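Good morning, and thank you for coming. Please look at the structure on the screen while I go through a few of its features.

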Amino acid sequence: MNVIFLGPPGAGKGTQAQQVCKELNIPQISTGDILRRAIKEQTPTGIEAKRYIDQGQLVPDEVVIAIVKERLAMDDCKNGYILDGFPRTVPQAEALAQFADIDAVVELDVPDDHLVQRLSGRRVCLNCGATYHVSRKQDNVCDNCSHELIQRDDDKPETVLSRLEVYHKQTAPLVEFYQNRNVLKKIDGSQSVDAIFAQILESLRG
């Protein structure tokens, strides 16, 4: 089964994609990961992507699409995959449709105010990478290694709102795109992690 995960920053796409991949025994494909891998392995598309990154530029659509196409042609994708972070725009979705049949698109729907609260309350340990939420943490010290926790710039309320604005402008039109193709599965992403997971599996198997 070939699946796309859609949802705004902080919706929990990565967490859910990992669990679903384990359950269905298919790979999770994140564009960031495959971009880094292509650069590390010095594939022709990886070399081209690195050229743009080294110049401080965004990697253009045609290069990202070529890298995704390359990855989906690998053996471990024969029984399906989950795309996490791609496509981000309708033109990317149209390009993807040229070489991939998508069976389902899971949209994790979470209200903006919920996401701002969720992300701006997140604290990270710079030493070991553990993450916490202020609503569940009595102090500002990592339980694993006793280092101080910090709030990343990405998680500050004004930055979160800016990221959500970009998402709504660029990625939200994909919802309509896939709705028109009758493959969209809308999931309430404000539920518990377990409830969301159960609902995703039910929607994919139904």
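This is a predicted model: local features need pLDDT of at least 70, side-chain atom pairs count only at pLDDT 80 or more; totals for chains, interfaces and linings use all residues.

Let us start with Arg-71, which is found in helix H4. Is Arg-71 buried or exposed? Its relative accessibility is 9%, and because buried means under 20%, Arg-71 counts as buried.

What does Arg-71 touch, apart from its neighbours within four places in sequence? The residues in contact with Arg-71 are Pro-27, Ile-29, Ile-34, Arg-37, Asp-76 and Cys-77. With one of these, Asp-76, Arg-71 forms a salt bridge in which the closest N and O atoms are 2.8 Å apart. Asp-76 counts as partly exposed, at 40% relative accessibility, whereas Arg-71 is buried.

Another of those contacts, Arg-37, has a salt bridge with Glu-41, where the closest N and O atoms are 3.4 Å apart. Here Arg-37 is partly exposed at 36% relative accessibility, and Glu-41 is partly exposed as well, with a relative accessible area of 48%.

How many salt bridges does a search of the whole structure find? The search finds 12. Let me take one more pair, Lys-137 and Asp-143, whose side chains meet in a salt bridge with an N to O distance of 2.9 Å. Lys-137 is buried, with a relative accessible area of 15%, while Asp-143 is exposed, with a relative accessible area of 56%. There is also a network: Arg-122, Arg-152 and Asp-155 are joined into one by salt bridges that share partners.

I turn now to helix H3, which covers residues 44-54. Which residues of H3 are buried? Among the residues of this helix, Thr-45, Gly-46, Ala-49 and Tyr-52 are buried. Around the axis they cover an arc of only 120°, and therefore they lie on the same side of H3. An α-helix has 3.6 residues a turn, so residues three or four places apart point the same way.

What do the buried residues of H3 pack against? They pack against H2 and H4; H4, you will recall, is the helix that holds Arg-71. The face of H3 turned away from the buried side carries the exposed residues Pro-44 and Asp-54. Just after H3 comes Gly-56, which takes a positive phi of about 75°.

The next topic is the pockets. Rolling a probe the size of a water molecule over the atoms shows where empty space is left. The largest pocket has a volume of about 1,000 Å³. Its lining is made up of 33 residues, and those nearest the centre of the pocket are Thr-31, Gly-32, Gly-85, Phe-86 and Arg-88. Two or more lining residues come from each of these elements: strand E1 (2-6), helix H1 (13-24), strand E2 (28-30), helix H2 (31-40), helix H4 (61-72) and helix H7 (157-170). Which element gives the most to this lining? The answer is H2, with six residues. Sorted by class, the lining of the largest pocket has 15 nonpolar, 11 polar and seven charged residues.

The second largest pocket has a volume of about 790 Å³. It is lined by 25 residues, and the closest to its centre are Gly-10, Gly-12, Arg-118, Leu-119 and Arg-122. The elements giving two or more residues to the lining of the second largest pocket are H1, helix H6 (112-120), strand E6 (131-133) and helix H9 (193-205). Of these, H6 provides the largest share, four residues. The lining of the second largest pocket divides into seven nonpolar, 12 polar and six charged residues.

Finally, let us look at a loop. Arg-136 lies in the loop between E6 and strand E7 (149-150). Is Arg-136 buried or exposed? Arg-136 has a relative accessible area of 71%, and since exposed means over 50%, Arg-136 is exposed. The C-alpha atoms of Arg-136 and Gly-121 are separated by 9.7 Å, and the two residues are 15 apart along the chain.

Thank you for your attention.

Methods: Residues are numbered from 1 along each chain as its sequence is written. Side-chain values use heavy atoms; hydrogens and water are left out. On a 1 Å grid over the protein atoms alone, a cavity is a set of points where a 1.4 Å probe fits but cannot get out, and a pocket is an open set with protein on both sides within 12 Å along at least five of seven lines; lining residues have an atom within 4 Å of a point. Grid points are joined across faces, edges and corners, and a volume is the space filled by probe spheres set on the points. Ala, Val, Leu, Ile, Met, Phe, Trp, Tyr, Cys and Pro count as nonpolar, Asp, Glu, Lys and Arg as charged, and the others, Gly among them, as polar. Buried means under 20% relative accessible area, exposed over 50%, partly exposed in between (1.4 Å probe, protein chains only). Contact means heavy atoms within 4.5 Å. A salt bridge is a side-chain nitrogen of Lys or Arg within 4 Å of a carboxyl oxygen of Asp or Glu. The arc is that of the directions from the helix axis to the C-beta atoms.
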